[in-house]
Amino acid sequence: MRGRIDEAGALREELEAERQARRDAERLAEENARALYDRQDELELLEMVAGASNEATAIEPALGAAIVHVCAHMRWPVGHAYLSDEASGTLRSTSVWYLEDEARYSAFRDATERSTAPGLPTRVVKAGEPAWVADVATEPEFQRAEVAMGAGLRSGFAFPVLMGTQTVGALEFFSDRPAEPDPVLLGLMAQIGVQLGRVVERERAREELERSNADLEAFAYLASHDLAAPLRAVSGFVSLLGRRYHDRLDDEGREIIGYAIDGVQRMQAMIDDLLLYSRAGTADLQRQDVAAHGLVAAALRDLAPALAETGAAVEVGELPTVHADAGQLQRVFQNLLSNAMKYTAPDVEPRVLVSCRDLDAAWEIAVADNGIGIEPRNAERVFEMFARVHGGADYRGTGLGLAISRRIVERHGGRLWVEPNAGGGSVFRLTLPR
Ligand code: ADP
């Protein structure tokens, strides 16, 4: 009998152990599933913030998207962004907020915006690390405790927006429950901080470029404007000297005057082109429906001397009516055609073909030549200001024609680029929206 009882007891124990093992396994499986689910959630959050950051063309929308996604992920009702001033590094509150309930949290928002150096983000910027307020009621350094508690906010945390090691901003979030620091969350936010830092970096680089372009433009305008008058005077006097003293000068004297006049003329061309470049970026576009064929014909008339000199065979295919500033577009054709006649290959009869393709949303007009061509590595450089890739002494020019042309085409909403021509030479293509 005793043996039977012992046996039943052992069986029960075994059964119980088995049940326990099954419960443990189920709990573990459930925990793993939850961890996986959380991970999935985190990855989705990172993906959404990365997507918004990549698409953003300004800092504020990227910060706004990050705040909305983080608040939704954490189920935290308040989020807010700060940016550091580029020059002084001081933190300033932005108008980028997420408030789950506008009426409930607006007093907290107003108090935050009134505060010149809120403790939480300032701590983050100083340390370059996240900061956590587990309970606003017991944290002595948290200055906005009263108004936060009035709105039912209990805990908060903030993390830095990092550009490399430099803190360029901070995001802060608040919850309506006390919350302890969470290492997983901190790791996640660190990644978001780096992503947003890239947007700040991109935006600052863009602003810097705009600033330097504006400086260059102001310089171009001033230089072209202010240099024109004295240069005209020099040109006039040197020509006069050449004419009046022609008989009293020897050959060498006349040659020197010839060089001086040549130099002045080149400078004149440079100044004229600088003025055109700065106008191409600023003058209002006078758009109208205009036959591209007529513009090409007018450009060719202006180029008659070059045409006669090179003997180039120019063929113009069927061209559309485009909606463009006639004067400016004619300038583009003139630049492209004059280059096609200038950069000709030795011992090859120069041929130029102007043609057009219908791309539905745009017209693509091509100016193709069989000249010396442009190496692919220089295909972008030739559009830069003053860039000349073929020997300066052999070909006259200012290095501004293509920069002006690209500017004009881009202001029309199109593109201008160069490709090698199949049989040698170059094809310049420009698009114009229809
Ligand atoms: P410029 O002709 O006054 O030098 P551009 O801006 O018109 O200035 O052209 C920039 C450079 O691009 C030229 O110096 C030349 O080296 C190259 N280039 C332009 N057009 C052609 C072309 N059709 N074929 C070969 N090289 C060209």
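**Notebook: the ligand shell and selected helices and loops**

I began with the ligand and found that 22 residues surround it, the closest being Asn339, Arg388, Gly397, Gly401 and Leu402. A residue is near a molecule here if its C-beta atom, placed from the backbone, lies within 6 Å of it. I noted that this is a predicted model, in which local features need pLDDT of at least 70 and side-chain atom pairs count only at pLDDT 80 or more, while totals for chains, interfaces and linings use all residues. Residues are numbered from 1 along each chain as its sequence is written.

**Entry on the shell.** Ala, Val, Leu, Ile, Met, Phe, Trp, Tyr, Cys and Pro count as nonpolar, Asp, Glu, Lys and Arg as charged, and the others, Gly among them, as polar. I then asked which helices each supply at least two residues of the shell. They are H10 (326–342) and H11 (401–411). Helices (H or I, at least four residues) and strands (E, at least two) are DSSP runs, numbered from the N terminus.

**Entry on H10 and H11.** I looked up how these two helices are placed: their axes come within 9 Å and cross at roughly 145°. The axes are lines fitted to C-alpha atoms, for helices over the stretch in contact, and angles run from 0 to 180 degrees between N-to-C directions. I listed the residues of the contact: Gln328, Leu329, Arg331, Val332, Asn335, Leu336 and Asn339 from H10, with Gly401, Leu402, Ile404, Ser405, Ile408 and Val409 from H11. Two residues are in contact if their C-beta atoms, placed from the backbone, lie within 7 Å. By class, this contact has seven nonpolar, five polar and one charged residues.

**Entry on H7.** I checked the span of helix H7 (residues 251–282): its 32 residues should span 46 Å at 1.5 Å a residue, and the end C-alpha atoms are 47 Å apart, which agrees. The expected span is 1.5 Å times one less than the number of residues. Ile271, Asp273, Leu274, Leu276, Tyr277, Ser278 and Ala280 of H7 are buried. A residue is buried if 20 or more other C-beta atoms lie within 10 Å of its own, exposed if 12 or fewer, and partly exposed in between, with C-beta atoms placed from the backbone. The cover over the buried residues of H7 includes helix H6 (183–244), H10 and H11.

**Entry on H3.** Helix H3 (residues 102–114) has 13 residues and reaches 17 Å from first C-alpha to last, close to the expected 18 Å.

Is aspartate 394 buried or exposed? It counts as exposed because it has 9 C-beta neighbours inside 10 Å. Aspartate 394 is found in the loop between strand E10 (362–369) and H11. Phenylalanine 386 is found in the loop between E10 and H11, and its phi is near 65°, a positive value in a residue other than glycine. Phenylalanine 386 counts as exposed, with 12 C-beta neighbours inside 10 Å.

**Entry on arginine 75.** I looked up a further positive phi, about 55°, at arginine 75, which is not a glycine. Arginine 75 lies in the loop between helix H2 (59–74) and strand E1 (78–84).
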